[in-house]
Protein chains: 2
Amino acid sequence: MSRTTTIPTGIKKRDAIATRAAILSAARQRFLRESYDSVGLRDIAGDAGVDVALISRYFGGKEGLFRDVLLHDKDEGLLRQPLTAAELPAYLAQLVIEDGDEDRQHRMEMFIVMLRSASSPKAGEVIRDLVHLDVLGPLAEIIGDEHAELRANMLLAILMGIGVLRTIMKVDALDGSPAQRAECEYRFRCLFEAALTC
Amino acid sequence: MSRTTTIPTGIKKRDAIATRAAILSAARQRFLRESYDSVGLRDIAGDAGVDVALISRYFGGKEGLFRDVLLHDKDEGLLRQPLTAAELPAYLAQLVIEDGDEDRQHRMEMFIVMLRSASSPKAGEVIRDLVHLDVLGPLAEIIGDEHAELRANMLLAILMGIGVLRTIMKVDALDGSPAQRAECEYRFRCLFEAALTC
DNA sequence: CCAACAAGTCAACAGGTGTTGATTTATTTC
DNA sequence: GAAATAAATCAACACCTGTTGACTTGTTGG
């Protein structure tokens, strides 16, 4: 009686939730590598093995799809909630180095999606809301300083700058031997600490 | 006998260099506020008071126009050449605060143009070349450290991150009273120093 | 088994993009 | 002043975009 039991072979079944998920997944991968404007709905539909029309039907349009990609992955917020100010530098440094569990890499990927499409007017609105509510807010709260807001901005600036450099500008001094990566992590931790204490 | 002497009134004369300059100026202003993909050639042509066809004719296409906008403004490089490592933090901090002469603001604006359009595939190539040759290279040379390359990346990351935050994400904690701006400048100088010394 | 409904397909639309060729207009040169 | 050349205009092009409506097909409920 369950939804997807009959015929485990490749023959497509008619499952609305499954195709919706397929579209969402394909869109996520595309938006991770190209900007909002560059990605066409036909590209996404092709990757998902689905007709283009279904996207507009299921998500109300391109903008709705993009919003859902971001909202679906925001989960419990872009930062791990139980986190003290003292732990912050080490946590962010690991985020930058992309060293860590799958979940942590996932969070960094969301930053990339936002960065890639931030310049697009339509995608920009969605992104700005998310940044303010789910990143800047929690960050400032964790810091709890009197200059918390400014410090949060500085941390985010570093994080985003590295993201831009690595993925968009393709300046990658971070790819290297494990020893190099460890050194990078150390220096970035210092940088984050400086942003918090100076 | 000079090129543009007759009739100083508003009646348009046929001056190829003048219209070329008008297009270039209009394009610069547009690319400063919108991304490569968002800006249409008809928008630029409208601003410049010129027919659209002239753009493709004079610059060989949209991509050529964008390249020329960036190359025209690179002047003597994005960084002031005679600059020591010790002066770097203060210089960059002033760049961030947008406090300084017109020339310095102009340099920061070039960063914005690059950031806005970095995600676009076509514009990306142009930008990446420029970043490597005219920013990262000189920066590393000024630093002259054994970890110069990594440090240069860190400095640029901060610079770009702030640019993204301010102009694209529209997170602006930097606009404020002169006292606030001064405090920001101080903190960012500290941050830049940390990137150079830690 | 058959009607009712949902899921998927197809084709076309309306709008916008950058670019190009033919044409007209102004400026220079002889 | 007439011919030659450069500058600007106009209209259309081919292409691609997201989106919509009508249609077909599979699945489910009575």
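Predicted model: local features only at pLDDT ≥ 70, side-chain atom pairs only at ≥ 80, totals over all residues.
Sorted by class, the surface near DNA strand C consists of 10 charged, eight nonpolar and four polar residues.

## DNA strand C: individual polar contacts

An N or O atom in the side chain of Y58(A) is 2.6 Å from a phosphate oxygen of DNA strand C. A base is reached by R57(B), which has a polar side-chain atom 3.4 Å from a base nitrogen of DNA strand C.

Two or more residues of this surface come from each of α1 and α3 (53-59) of chain A, and likewise from each of α2 (41-48) and α3 (53-59) of chain B. The largest contribution is that of α3(A), with four residues.

## Chain A: two domains and their interface

Chain A splits into domain 1, residues 16-70, and domain 2, residues 75-197. Taken over C-alpha atoms, the centres of these two domains of chain A are 26 Å apart. Contact between them involves 13 residues of domain 1 and 14 residues of domain 2.

About 1,300 Å² is buried between domain 1 and domain 2 of chain A, and carbon and sulfur atoms give 65% of this area. On the domain 1 side, the residues that lose the most area to domain 2 are R28(A), L32(A) and L70(A), which together make up 45% of what that side buries.

One salt bridge is found across the interface of domain 1 and domain 2 of chain A. A salt bridge joins the side chains of R28(A) and E109(A), with an N to O distance of 3.2 Å. R28(A) is also among the residues of domain 1 that lose the most area to domain 2. Between the two domains of chain A, five residue pairs are in polar contact.

The side of domain 1 that touches domain 2 draws at least two residues from each of α1 (16-33) and α4 (62-74) of chain A. Five residues come from α4(A), which gives the most to this side. By class, the side has six nonpolar, six charged and one polar residue.

Key: Residues numbered from 1 in each chain as written. Chains lettered and ligands numbered in written order. Heavy atoms only, no water. Domains from an automatic or database assignment. Contact = heavy atoms within 4.5 Å. Buried area = accessible area lost by both parts, 1.4 Å probe. Salt bridge = Lys/Arg side-chain N within 4 Å of Asp/Glu carboxyl O. Polar contact = N/O pair within 3.5 Å; in protein donor to acceptor, adjacent residues only side chain to side chain. Nonpolar A, V, L, I, M, F, W, Y, C, P; charged D, E, K, R; others polar.
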